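Thanks for coming. I will keep this short and stay with what can be read off the coordinates.

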Amino acid sequence: MWVLAGIALIVAGFLLRFNPLLVVAASALVTGLAAGIDPLAILAAFGKAFNDSRYVTAIYIVLPVIGLLERHGLQQRARELIARVRGATVGRLLLFYFVFRQLSAALGLVSIAGHAQTVRPLVAPMAEAAADLQSPERDKTDESVPAMAAATDNVGLFFGEDIFIAIGSILLMRGVLEGYGILVEPFELSVWAIPTAIAALVIHGARLLWFDRRFRT
Amino acid sequence: MIGLPFIYTIAGVVFAAFAVLSALDRSNAKRWGNAIFYALIAVSFLAGDLLGDVGNGVLVLGLVAIAGSGAMGRGANLTTSAGERAAEAARRGNRLFLPALVIPAVALIGTFAFKQFPAWFDPRQTTLVALAIGAMLALAVAQAWLRPRPATAFEEGRRLMDGVGWAAVLPQMLASLGAVFALAGVGEVVGEIIGGAIPEGSVAGAVIAYGLGMALFTMVMGNAFAAFPVMAAAVGIPLLIGTYRGDPAVIASIGMLAGFCGTLMTPMAANFNLVPAALLELRDQNAVIKRQIGTALPLLAVNIFLIWWLGFAR
């Protein structure tokens, strides 16, 4: 039971707004000690896993080119482009992006879009421009529009990618089941991701169109 | 063969450039904190495999010490003004999108094309390799067209990186915490608790415990991949598949998606939830999560229903 102390520490640390890196390191130490692991072995296990997961941090290599293009007006251009599309609204724009993201993820193309590659330079400024058109007097400190753009990217990715048979989660499920002597084909697993994908499209799509009501004038 | 080492070398060089530019940024009162933080990430990318496990652990402690002591800051924005940008956007027109679209285009082509050359490209890493090559090509195109000073792109990249700050390594930290949790047997304990809470003889009760358990444990771990083996061992395999004869493909597949609903609702999934808030320069770091709950909760209910309906149809 004591190994759960690390989880309690994480929850408390996030709620009390300590620096999350500090909280995570402390939680690892507490959890390891509670399980009777030697402090040096905890440090080694943590270091090894950190080194093995460097690929998550590699995405920042796109920042120099994104920053350079922003310097030369990329976000402003994205705004102007949307301002010229008749009938463009935040909800419709994000729904269009959602469908694109979900379909491309279902084909295994998970890296062609993302928060650094597309949301920050293109989708978020376009969504803000659409909201400005819908409601010119809207509260400029309102963060719901860029936040909804990021949320739409996540939902589209999560509930599209599992339809692709060679994605990591499919391989993991197959491996776990195989360990218990249950054999399933990747194709069967990916087919059963389709009902949820449709439900995600219906639920999030409806929320996006409903979101437009905020910007009625 | 081009694979992760190639990507890590590029990332190491980019972070080394961020470190040098941070050290030179006199407008940032905490420039040395930023410089050392980025330098440590550069060392991790360039030489992580040579440091050994304890060495990497010490490197992490360095990152934690800098972030935890509040030694990182942001410099003044030495970039173009909104007015200058609008004027340039009007002058350059839609061609501004072309370099930005090089990244997804190369990622798209590379994902398919690189698989044809398994001797040259690591077939397991084609998407990441294609993304890295796309980013470099886009930078080359933008550089040739816009003709800024060579350091300018990295200056602008550092500006965006400072906005993310220490949150950049939080996803990696949480993945490592997951490894320690696994070593300490946290999953088994959680699995026992949830397994013990299920009313006997009730298929629906077991399905609900499984679906909610996936979402909740994913929220704790920040990752459905860590929750799946635990919930499969505690409920999915012995009860749903074993005792109640459910369809393994449905139970696994939709169970994982129930976990993804949890990912949408937790700050522990930092790369999806906290990093975008930082990248978009939002004041509320939980703004993205707040927008996602309205989709995640109904979708979780749908997933639990689908497991019950589709998994036990026979």
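This is a predicted model: local features need pLDDT of at least 70, side-chain atom pairs count only at pLDDT 80 or more; totals for chains, interfaces and linings use all residues.

Residues are numbered from 1 along each chain as its sequence is written, and chains are lettered from A and ligands numbered from 1 in the order in which they are written.

Chain B comes to 13 helices and zero strands. Helices here are DSSP runs of H or I with at least four residues, strands are runs of E with at least two, and both are numbered from the N terminus. The C-alpha atoms of chain B fill a box of roughly 70 × 45 × 45 Å along the principal axes. Its domain assignment gives domain 1 (4-165) and domain 2 (185-311); such bounds come from an automatic or database assignment. Taken over C-alpha atoms, the centres of these two domains of chain B are separated by 33 Å.

Now the interface. How many residues of chain B are in contact with chain A? There are 116, and they touch 99 residues of chain A; contact means that C-beta atoms, placed from the backbone, lie within 7 Å. Helix H2 (residues 31-68) of chain B gives the most to that side of chain B, with 15 residues. By class, the side has 82 nonpolar, 23 polar and 11 charged residues. Nonpolar covers Ala, Val, Leu, Ile, Met, Phe, Trp, Tyr, Cys and Pro; charged covers Asp, Glu, Lys and Arg; the others, Gly among them, are polar.

On to chain A. Its assignment gives domain 1 (2-52) and domain 2 (59-215), with 32 Å between their centres over C-alpha atoms.

Last, one helix pair. Helix H4 (residues 63-71) of chain A packs with helix H7 (residues 115-134) of chain A at an angle of about 15°, their axes 10 Å apart. Axes are lines fitted to C-alpha atoms, for helices over the stretch in contact, and angles run from 0 to 180 degrees between N-to-C directions. That makes H4(A) roughly parallel to H7(A), a label for angles under 35 degrees; over 145 is roughly antiparallel, 65 to 115 roughly perpendicular, and the rest oblique. Leu63(A), Ile66(A), Leu69(A) and Glu70(A) in H4(A) meet Ala116(A), Arg120(A) and Pro121(A) in H7(A). Those residues divide into five nonpolar, no polar and two charged.

Conventions
Two residues are in contact if their C-beta atoms, placed from the backbone, lie within 7 Å.
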